Amino acid sequence: MASLSRRPPRRRRRHDNTIYYEHVLVICLVYVVLGQAWNLVGGYAGQWSLGHAAFFGLGSYTSTLLLLRFNVSPWLGMVAGGFVAAAVACAIAFPCFKLRTHYFAMATLAIGETVRVLFLASDWTGGANGLVLPVQRIPSTRDMLWADKEPYLLIILAMAVAMTLVIVQVERSRLGIYLRAINQDEEAAARLGIDPRRYKLAALAGSAFVTGMTGTFYAQYTTYIDPFSVMAPMLSVRMVLVPVFGGLGTVAGPIIGAFVLIPLSETVRVVWGGRGIGIDQVVYGAIIVWLTLWMPGGVITLWRRRRRARLVPRAA
Amino acid sequence: MSLLEVSGVAKHFGGLTALAGVDVTVEAGEIVGLIGPNGSGKTTLFHCIAGALMPDDGDIRLHGQSLLGVGPHVVCARGVGRTFQLVRVFPQLSALDNVLAGQSHRAESVMGAFAGASTSAVRRRALGLLEFMGLADHASISASELSYGQQRLLELATVLMGEPELLLLDEPTAGVNPVLVDRLLERLREINRGGTTIVLIEHNMEAVMGLSSRMYALAMGRIIAEGPPEALRSNPAVLESYFGPPREARRR
């Protein structure tokens with residue numbers, strides 16, 4: 001009995017893979033938020049931004065610089081990051097909203113790259129070396145830094161649920177009808193009294209705000225940022241890919257897109273990534289092409305097809 | 001004071017003169033027809049009134065207040081509704097959502113639009129308009145699945161949802177089958193009886209002459225005749241604009 005009482009307290013044993021699965025879940029939820037945010041401006045308002053990585057990066061840098069230089073808590077920094085991203089979105093909206101479709105996408109792509117290069121060239125933002133968050137303070141709720149992934153998981157889950165509820169409200173409100181009207185025919189919407197610039201600006205600013213906040217979260221989660229990781233053009237492409245793949249302009253689209261594409265990307269990375277010749281990326285690309293050809297309107301069309309098939313049974 | 005006063009409006013596209021000093025006056029409660037051969041400037045005049053184009057010269061006043069330099073959404077908010085020459089509905093929205101998109105936006109903020117769904121009173125009004133146009137059974141169907149004629153009626157219902165004081169209709173019967181044309185014309189008379197002033201461009205002479213109390217004829221960007229439909233029917237300038245100069249004049 002004595003020997004038993006001297007045994008160290010039993011610790012909850014965790015399977016090694018749990019941490020990895022939690023990480024994948026966090027990244028999935030990050031893309032749910034980013035996908036919903038992009039969907040607001042791209043899917044509903046029809047403005048295909050290819051520069052959203054700039055808003056993400058601005059959010060990460062704003063909160064990180066506020067924490068490192070002025071010791072401002074990232075909880076506040078997150079809101080500040082959202083506002084900075086929204087302000088930049090408003091500034092670029094004025095010249096860019098004169099452009100339509102592909103030209104708007106090209107302009108936003110160029111702006112995203114310009115912001116990335118500016119951050120790369122600036123010493124104040126750490127240049128190419130990036131910025132390391134004060135990891136020595138871990139754990140610190142005030143500094144949004146923890147050793148475990150659970151707190152991060154809870155935060156991003158709350159953000160994903162909140163953003164999804166916002167999009168549900170957009171769907172059922174008058175705003176949803178106006179944005180979709182603008183998306184389908186801007187001139188026809190304007191002659192009904194809908195001011196396209198005002199609504200597009202609101203959608204872009206709101207989208208940038210949430211993207212900026214998610215950037216802060218990501219910086220706190222990874223504890224290191226540089227322009228290559230938080231402002232990469234590929235990040236913008238992924239933000240587009242998630243809702244487009246799941247179902248553009250739908251609430252479920254970004255959720256489906258994130259929970260299919262991120263695990264798929266991780267799976268091909270685990271299976272083929274170790275060969276060092278980029279075959280995982282080739283396989284990932286090929287699967288996306290195949291799935292897109294199979295479901296051109298996004299994965300959500302599978303549900304619609306099945307529902308239609310149920311409603312209209314095939315002739316015997 | 002007239003409801004709409006268009007005075008000396010000119011519009012050029014490079015070397016092409018689309019409008020060369022057009023004067024049009026519309027009194028409240030009228031149905032005014034605007035006729036003229038293709039390319040005479042009728043649609044350009046509508047674009048200028050509705051704020052889609054800025055005239056190079058002249059003035060456009062609604063209740064004495066200038067409409068120059070304001071966007072189409074502001075012109076709509078001041079009480080001008082318009083339909084297009086080619087139907088423009090929102091194809092992926094249901095017929096009901098199309099009509100709801102036309103509800104009045106006067107002084108509505110983005111947050112206000114985000115916070116609330118259309119009220120039941122507004123939805124009832126939208127359904128009422130669909131019923132008025134004979135589209136009640138198609139409320140939940142995508143606009144793209146309606147026939148061209150039904151889309152015309154839907155577009156009109158959408159514009160009426162904003163309760164315009166002045167309605168600009170660009171060829172409302174074009175491409176519509178004769179059964180629907182009769183329904184459309186009847187509806188336009190009812191709308192006018194309800195107090196809405198109508199200006200319509202139309203190539204269907206029987207329709208426009210039957211509806212209008214007064215007409216303007218345009219040719220080469222100028223008003224060539226004005227008066228009651230009977231007077232324009234036999235006006236030599238109007239006949240010449242459509243059919244060319246009389247045979248005797250051509251022989252000379």
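Trainee: What is the strand order of the open sheet in chain B?
Mentor: The order is β2-β1-β4-β5 in chain B, four strands with antiparallel pairing. This is a predicted model; local features need pLDDT of at least 70, side-chain atom pairs count only at pLDDT 80 or more, and totals for chains, interfaces and linings use all residues. Residues are numbered from 1 along each chain as its sequence is written, while chains are lettered from A and ligands numbered from 1 in the order in which they are written.

Trainee: Why do β1(B) and β2(B) count as a pair?
Mentor: Two strands pair if DSSP finds at least two bridges between them. Strand β1 (residues 4-13) and β2 of chain B have eight, in the antiparallel sense. So they pair. Across this pair, His12(B) stands opposite Thr17(B) of β2(B).

Trainee: What makes β2(B) and β5(B) edge strands?
Mentor: β2 (16-26) and β5 (65-66) of chain B each pair on one side only.

Trainee: Which helix packs on this sheet?
Mentor: Helix α1 (residues 42-50) of chain B does, touching β1, β2 and β4 (57-62) of chain B. Its direction makes about 115° with that of β1(B). Contact here means C-beta atoms, placed from the backbone, within 7 Å. Helices are DSSP runs of H or I, at least four residues; strands are runs of E, at least two.

Trainee: What makes up their contact?
Mentor: From α6(A) come Tyr152(A), Ile155(A), Ile156(A), Met159(A) and Met163(A). They meet Val210(A), Thr214(A), Phe217(A) and Tyr221(A) of α9(A). The contact divides into eight nonpolar residues, one polar and no charged. Ile, Met and Phe are among the nonpolar types; Asp, Glu, Lys and Arg are charged.

Trainee: How many residues of chain A are in contact with chain B?
Mentor: 24, in contact with 28 residues of chain B. α6 (150-172), α7 (174-184), α8 (186-190) and α9 (196-222) of chain A each supply at least two. α7(A) gives the most, seven residues. The chain A side has 12 nonpolar, four polar and eight charged residues.

Trainee: Why is Arg269(A) called partly exposed?
Mentor: Arg269(A) has 14 C-beta neighbours inside 10 Å. Buried needs 20 or more within 10 Å, exposed 12 or fewer, and partly exposed is in between. So 14 makes Arg269(A) partly exposed. Arg269(A) is in helix α12 (residues 252-272) of chain A.

Conventions. Two residues are in contact if their C-beta atoms, placed from the backbone, lie within 7 Å. Axes are lines fitted to C-alpha atoms, for helices over the stretch in contact, and angles run from 0 to 180 degrees between N-to-C directions.
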